[in-house]
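Work through the exercises below with the model open. Try each task before reading its solution.

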Amino acid sequence: MSLRFPPLAPAAERPALVTGASSGIGRASAEALAALGHPVVVGARRAERLAELVEAIRGAGGEATACAVDVTDPDSVAAFVAAADEAYGAPDVLVSSAGTLTMGRVWEMDPDAFAAQLEIHLLSVQRLLHAVMPGMVGRRRGDVVLIGSDVAYTARPRSGAYVAAKAGLETMAHQIRKEAEGTGVRVGVVRPGPVMTEMGTEFDPATAEAVINDWVRHGFGRHPRMCKPADLARGVAALVSMPRGAQITELEIQPEAPIEENWT
């Protein structure tokens with residue numbers, strides 16, 4: 001055992017994998033990491049959006065490549081990790097941000113739809129970890145960032161399986177952190193509050209109204225402000241940029257309330 005840590009390698013020598021990169025927090029995280037100098041491999045199901053993201057990153061002076069991936073498909077995940085390794089070498093950073101949202105009361109949801117949400121938000125994360133973490137442990141370095149949610153401990157009604165999946169994700173992160181202790185691999189959770197992303201924009205008016213009414217009823221509507229994806233990306237960048245010897249295990253980012261001019 002050594003109490004000393006090797007210095008954090010330059011970002012250019014730390015390839016990063018980002019899933020869910022076609023929009024929202026995943027896209028913003030990929031852009032933030034590329035701006036720091038990380039070669040970034042972006043993955044999502046919407047390949048055309050990935051191509052546009054790679055073009056934007058390269059246009060800003062960063063280094064990026066795209067590989068379409070369905071995180072619910074083991075073969076797709078294996079191909080994604082292999083393509084990333086071929087492009088830039090073994091990954092030193094993993095940001096797991098893939099997700100979709102299906103709203104509904106728990107007992108009213110079709111069981112298959114409920115299971116599909118558990119699959120993409122929880123089981124698929126373990127699939128990525130299984131593919132990437134053994135190599136990190138073997139090299140005695142690496143940063144894993146999981147995108148959690150404040151619903152993990154403040155359950156919001158009509159959120160379907162999302163609450164159960166994110167609660168499971170955060171508990172799993174606690175477990176992994178203990179299991180990885182002493183390996184040199186750091187595992188952190190960036191926990192968003194309300195964020196303005198595409199998730200939820202496809203709801204029909206009746207669903208949106210029912211959700212909002214229930215959230216306000218249970219105290220989740222104190223103010224209308226929401227975070228931007230870039231706010232969460234700053235958190236991701238902070239986790240992976242910490243000097244060796246320290247780690248940010250959990251970072252919750254909430255929107256600031258509007259300033260009231262007549263506040264007393």
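Predicted model: local features only at pLDDT ≥ 70, side-chain atom pairs only at ≥ 80, totals over all residues.

**Exercise 1. Helix H1**

Solution. Residues are numbered from 1 along each chain as its sequence is written, and side-chain values use heavy atoms, with hydrogens and water left out.

Step 1. Helices (H or I, at least four residues) and strands (E, at least two) are DSSP runs, numbered from the N terminus. The expected span is 1.5 Å times one less than the number of residues.
Step 2. Look past the helix end. Gly37 follows H1 and has a positive phi, near 110 degrees.

**Exercise 2. Ser29**

Solution. 
Step 1. Ser29 sits in H1, which covers residues 24–36.
Step 2. Buried means under 20% relative accessible area, exposed over 50%, partly exposed in between (1.4 Å probe, protein chains only). Ser29 counts as buried because its relative accessibility is 0%. In H1, 10 of 13 residues are buried, among them Gly24, Arg27 and Leu33.
Step 3. The Ser29 side chain reaches the backbone oxygen of Ile25 at 2.8 Å.
Step 4. Contact means heavy atoms within 4.5 Å. Neighbours within four places in sequence aside, Ser29 touches Val95, Ala233 and Val236.

**Exercise 3. Helix H5**

Which elements are included in what covers the buried residues of H5?

Solution. 
Step 1. H5 runs over residues 162–179, 18 residues in total. Its first and last C-alpha are 25 Å apart, close to the 26 Å expected.
Step 2. Its buried residues include Tyr162, Lys166, Glu170 and Arg177.
Step 3. The cover includes helix H4 (111–139) and the strands E5 (142–147), E6 (185–192) and E7 (250–253).

**Exercise 4. The cavity**

How many cavities of 30 Å³ or more does a search of the whole structure find?

Solution. 
Step 1. A cavity is a set of points on a 1 Å grid over the protein atoms alone where a 1.4 Å probe fits but cannot get out; lining residues have an atom within 4 Å of a point.
Step 2. The search finds 1. The largest cavity has a volume of about 50 Å³.
Step 3. Its lining includes Asp143, Arg186, Leu239 and Gln247. E5 and E6 each supply at least two lining residues.

Terms used: Polar contact = N/O pair within 3.5 Å; in protein donor to acceptor, adjacent residues only side chain to side chain. 1 Å grid on protein atoms, 1.4 Å probe; cavity = no way out; pocket = protein on both sides within 12 Å on 5 of 7 lines; lining within 4 Å. Points joined across faces, edges and corners; volume = space filled by probe spheres on them.
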